[in-house]
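The exercises below are meant to be worked through with the sequence and the model side by side. Each task is followed by a solution that goes step by step.

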Amino acid sequence: MEFIKQLRRKKGMNQSDLAAVIGVSLRTIQLYEKKDANIPIKNLGKIADYFEISIGELYLHEVNETDGQYSKKRTFLSHGNIGYRLDKGKVVLKVPLVMAASHKALVDNFQDESFIKGLFRIDFLVQVVEEAFYMAFEVLGDAMNDGTSHSIPNGALVLGKKMATNAFLSTTEYINRSFVLVCTDRIICKSITGISVDKKALVCHNLNPSPEFTDFEVPIDKVLGLYEVVKKQV
């Protein structure tokens, strides 16, 4: 991001100084300051915290002031989603974040709107916001890590679009896509590869080919919430 360079220079810092603050290499900061750099959300958070701005403001300054390609931000609220709508289809979406340490708390309070509203919100820059509620989750474990571009490794943050669980009983459209399942006893991230209509269950698949990760079924009535993974930050 060009804007990171501007913030750094205003503080009289060189790239090595910022690298030390964030805990990355000099080469990494050099890459971050290039256009279209892929910056992990956790490091974006560290940069935003250090300069005392939000991740959303980092994105908004980048697209509004540096490139001059987008008009000023416009706030919106739809289906419980809060964010900034930009021109040319870009949206900075502010969504509740459920870290691994809070998985059980979400399961226990899933029907409590005040609990979800009280969660820390994180920013994702997306192209399109569909008519749905979005939430972000920290993935626990390497069951979905097969070393490919489709991997969702341990500690990754994923943006999930909430879906109706009964939709899977009438279509195969969502087969082989990745989902976060908020179940009655845990939160898991899996690829759904099939539907057992008789059992009314979802067939869950792990991308990791290691033998300890086997397919299994989750009854739909044990699923409190189902979120299609639409974006990830590693």
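**Exercise 1. A charged pair and its surroundings**

Is Lys161 buried or exposed?

Solution. Before starting, note that this is a predicted model, in which local features need pLDDT of at least 70 and side-chain atom pairs count only at pLDDT 80 or more, while totals for chains, interfaces and linings use all residues. Residues are numbered from 1 along each chain as its sequence is written, and side-chain values use heavy atoms, with hydrogens and water left out.

Step 1. Apply the cut-offs: a residue is buried under 20% relative accessible area, exposed over 50% and partly exposed in between, with a 1.4 Å probe and protein chains only. Lys161 has a relative accessible area of 10%, and therefore counts as buried.

Step 2. Look for a partner of opposite charge. Glu130 forms a salt bridge with Lys161, and the closest N and O atoms are 2.9 Å apart; the term stands for a side-chain nitrogen of Lys or Arg within 4 Å of a carboxyl oxygen of Asp or Glu.

Step 3. Glu130 lies in the loop between strand S4 (121-126) and strand S5 (134-138), whereas Lys161 belongs to strand S6 (residues 157-163), so the pair ties together parts that are 31 residues apart in sequence. Helices (H or I, at least four residues) and strands (E, at least two) are DSSP runs, numbered from the N terminus.

Step 4. Compare the accessibility class of the partner. Glu130 has 44% relative accessibility and so counts as partly exposed.

**Exercise 2. Further salt bridges**

Find how many salt bridges the whole structure holds, and describe the one that Arg177 forms with Glu228.

Solution. Step 1. A search of the whole structure gives 7 salt bridges.

Step 1. In the salt bridge between Arg177 and Glu228, the closest N and O atoms are 3.1 Å apart. This pair links distant parts of the chain, since Arg177 is in strand S7 and Glu228 in strand S11, 51 residues apart.

Step 2. Arg177 is partly exposed, at a relative accessible area of 30%, while Glu228 is buried, at 9%.

Step 3. A further salt bridge joins Glu217 with Lys199, where the closest N and O atoms are 3.7 Å apart. Here Glu217 is in strand S10 (residues 216-219) and Lys199 in the loop between S8 and strand S9 (201-205), 18 residues apart. Salt bridges that share partners also join Glu130, Lys161, Arg177 and Glu228 into one network.

**Exercise 3. The setting of strand S7**

Why is strand S7 largely enclosed by the rest of the structure, and which strands are joined to it?

Solution. Step 1. Strand S7 (residues 177-183) is largely enclosed because 6 of its 7 residues are buried.

Step 1. On one hand, 6 bridges join S7 to strand S8 (residues 187-196), and these two strands run antiparallel; two strands pair if DSSP finds at least two bridges between them. S7 and S8 form a hairpin with 3 residues between them, and Phe179 has Lys190 in S8 as its bridge partner.

Step 2. On the other hand, 5 bridges join S7 to strand S11 (residues 223-233), again in an antiparallel arrangement. Within this pairing, Cys183 stands opposite Val223 in S11.

**Exercise 4. Nonpolar cores**

Which residues of the largest nonpolar core touch the most other members?

Solution. Step 1. A nonpolar core is a set of buried Ala, Val, Leu, Ile, Met, Phe, Trp, Tyr and Cys residues joined through side-chain atoms within 4.5 Å. The largest one has 31 residues, of which Leu58, Leu93, Val95 and Ile122 touch the most other members.

Step 1. Take Ile122 as a case. Leaving aside neighbours within four places in sequence, its contacts (heavy atoms within 4.5 Å) include Ile41, Ile55, Leu93 and Val95.

Step 2. Apart from this core lies another, of 20 residues, among them Met135, Ala156, Ile187 and Tyr227.
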